[in-house]
Amino acid sequence: MTTFLIAVGTLCAICVGLSLVLVVADRYLSDYGRCRITINGGSRSLDVRGGQSLLNALGGEKIFIPSACGGRGTCGLCKLRVRSGGGPVLPTEDPHLTADERRDGVRLSCQVKVRNDLDIEIPEHLFSVREFAASVETMEDLTYDTKRVRLALVAPPEIAFVPGQYIQLQCPAYGDNPEPVYRAYSLSSDPADPRHAEMLIRLVPKGICTTWVFTRLKPGTPVTFNGPYGDFRLHDGTGEMIFIAGGSGMAPFCSILAAMRQAGNPRPTRYFFGAKAVRDLFLLDEMKRFESDLPDFRFIPALSAPDPTDLWNGERGLITDVVGRHYPDCRDKQAYLCGSPGMIDACINVLSGRGMPPENIFYDKFA
Amino acid sequence: MTVPLAVTTPGAPGGLAAQLLIIFLAAALTDNILLTRFLGMCSFLAISRQMKTSLGLGVAVAFVTTVTAAINYLVHRYITAPLGVEFLDLIVFIVVIAAFVQILEMAVERFSPALYFALGIFLPLITVNCAILGVSLFMLNKQGYGLWQALVYGAGNGVGWLLAILLMAGIRQKLKEDKIPAGLRGAPITLIISGIIALGFIGFSGMVKF
Ligand SMILES: Cc1cc2nc3c(=O)[nH]c(=O)nc-3n(C[C@H](O)[C@H](O)[C@H](O)COP(=O)(O)OP(=O)(O)OC[C@H]3O[C@@H](n4cnc5c(N)ncnc54)[C@H](O)[C@@H]3O)c2cc1C
Ligand code: FES
């Protein structure tokens, strides 16, 4: 018995001792003092605490750089040009940088640690990114795994965004999630109603943020988000537009279609919505309304694996096959894609195989 | 309490130095941790492809082995042994090594960014290198080791590991992988070569007696 107590006591004491040493070491060794960050050749400069990541240092100064992975170095959205002081490119950054970007000094700001003074460049439009306080107005089940979440803005009271852009929702610490994380969600709201922000959110099993949305969010819950980000949007042209997106990938198109209706946009537009079965379809009435309100728009849902009980006489097959069947020749058309990287890459393959030039293909990868 | 630095018989001139030299050579050559015990194999197989990375990892391992052997000697001698809880050595050693590597990483990052970036991911990888834990544990089996002996034993093993990975890197750079049957490329051929080098190292045991 005494041996047991001594053993437990010793082990605890050693662990506590080592932790203390680590804390002290962290305090003194990781103290890089104050560092100066010069932005855009001196148009702004910040005085921040060294030792943190550049992404967090900027966030602390209310400059929001897009980051979908919360700084883990997997999304590649937090790229910035670091002109001096960034140190060498880390192996974690390697896969996200092209040869050109490397030459220009582009870095993942979540991986660059502020160890000394830095000279960086931030695209001007990111300065217009704001942090918003809002509260949940409604939560609506669209399918068994997708919800439409509508937020009423509190402060600032309005958001200006280009349809197609996304925001970053803050998921606070809860349950097993020890610290706030940010996740990107495309805005599905009508830009004519700047007092609300609306999103379509699909549950990712065991996902940190989506589980929080599905289990903790209720009308009235206060939430924080920042944005808008992204350059996914409609581009000029006259040819037919092909939209392709399934599931929550529909979000940016809701917003884009609302703006097209507002502007009376006459461009021929076809929206291909890929799903497995009838239970995965949603917002069909809204799409019907767009079909009748817009001069030349059609919504084309396609089922890849309809249930035997589904009464379905629409398109069948994988979305890539359906699009391929509709368009033997895509030369003078534009395509807009939204969804998982796999789906997008497969679609790009089909479209460019049918002659669509790469500069006519626009997409937003949800990962 | 004073630390017994050596247990050689006093009066024997050069006794300590000679003993330390033998411990070092035995640990590095005859009893090479990688080639005779096959510890630290996974990073050896993965990293030995290139000379530069092998050198980086090897030096880091050698340094950490040396220092942790000494620290763990002190922990064993003044904490776990007097309290009669030697069975905790294994788990305590793991914690000590992990903590030491953490601190080392912070220090290197702070004071020598160049070295920090050169070592890159190797420092954190070392925490899970079983050769380092192995050295600390084998040290306990050695009779009559004092702090100096522990330190040198650690250094010898570390240098032995460094030597082995450098040898392998040298060989693998010369090796034309495309001439090797497909099924033997990569890890298999590396293991076969390790075996042959290990045989060669047995030759040292004739030179250095324990
Ligand atoms: C620009 C952009 C726009 C986006 N817009 C939307 C949107 O409008 N609606 C929407 O629902 N989501 C959207 N996403 C995805 C969203 O940001 C989150 O990645 C997703 O909701 C999962 O977050 P989580 O915290 O619940 O899961 P995490 O805890 O981050 O992930 C849990 C596990 O699931 C995996 N995983 C992460 N995302 C997905 C996914 N999408 N599908 C399958 N597995 C996944 C992860 O690899 C991980 O292993 C968008 C992403 C980006 C980059
Ligand atoms: S924040 Fe995702 S890669 Fe940097």
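1. Two strands count as paired if DSSP finds at least two bridges between them. Strands (E, at least two residues) and helices (H or I, at least four) are DSSP runs, numbered from the N terminus. In this predicted model, chain A has an open sheet of 6 strands with parallel pairing, in the order E15-E14-E13-E12-E16-E17. Its edge strands, each pairing on one side only, are E15 (315-316) and E17 of chain A.

2. Residues are numbered from 1 along each chain as its sequence is written. Local features need pLDDT of at least 70, and side-chain atom pairs count only at pLDDT 80 or more.

3. E16 (residues 334-339) and E17 of chain A pair in the parallel sense over 5 bridges. Across this pairing, A:Tyr336 has A:Phe362 in E17(A) as its bridge partner.

4. Ligand 1 has 20 residues around it, where near means a heavy atom within 4 Å. A:Arg183, A:Ala184, A:Tyr185, A:Cys209 and A:Thr210 come nearest.

5. Polar contacts are pairs of N or O atoms within 3.5 Å. Oxygen atoms of ligand 1 lie 2.7 Å from a polar side-chain atom of A:Arg183, 2.8 Å from a polar backbone atom of A:Ile208 and 2.6 Å from a side-chain N or O atom of A:Thr210. The protein covers 72% of the 900 Å² of accessible area (Shrake-Rupley, 1.4 Å probe) that ligand 1 has on its own.

6. Elements giving two or more residues to the shell around ligand 1 include strand E9 (181-186), helix H4 (208-216) and strand E17 (361-365) of chain A. E9(A) gives the most, with 4 residues.

How values were computed. Chains lettered and ligands numbered in written order. Heavy atoms only, no water. Polar contact = N/O pair within 3.5 Å; in protein donor to acceptor, adjacent residues only side chain to side chain.
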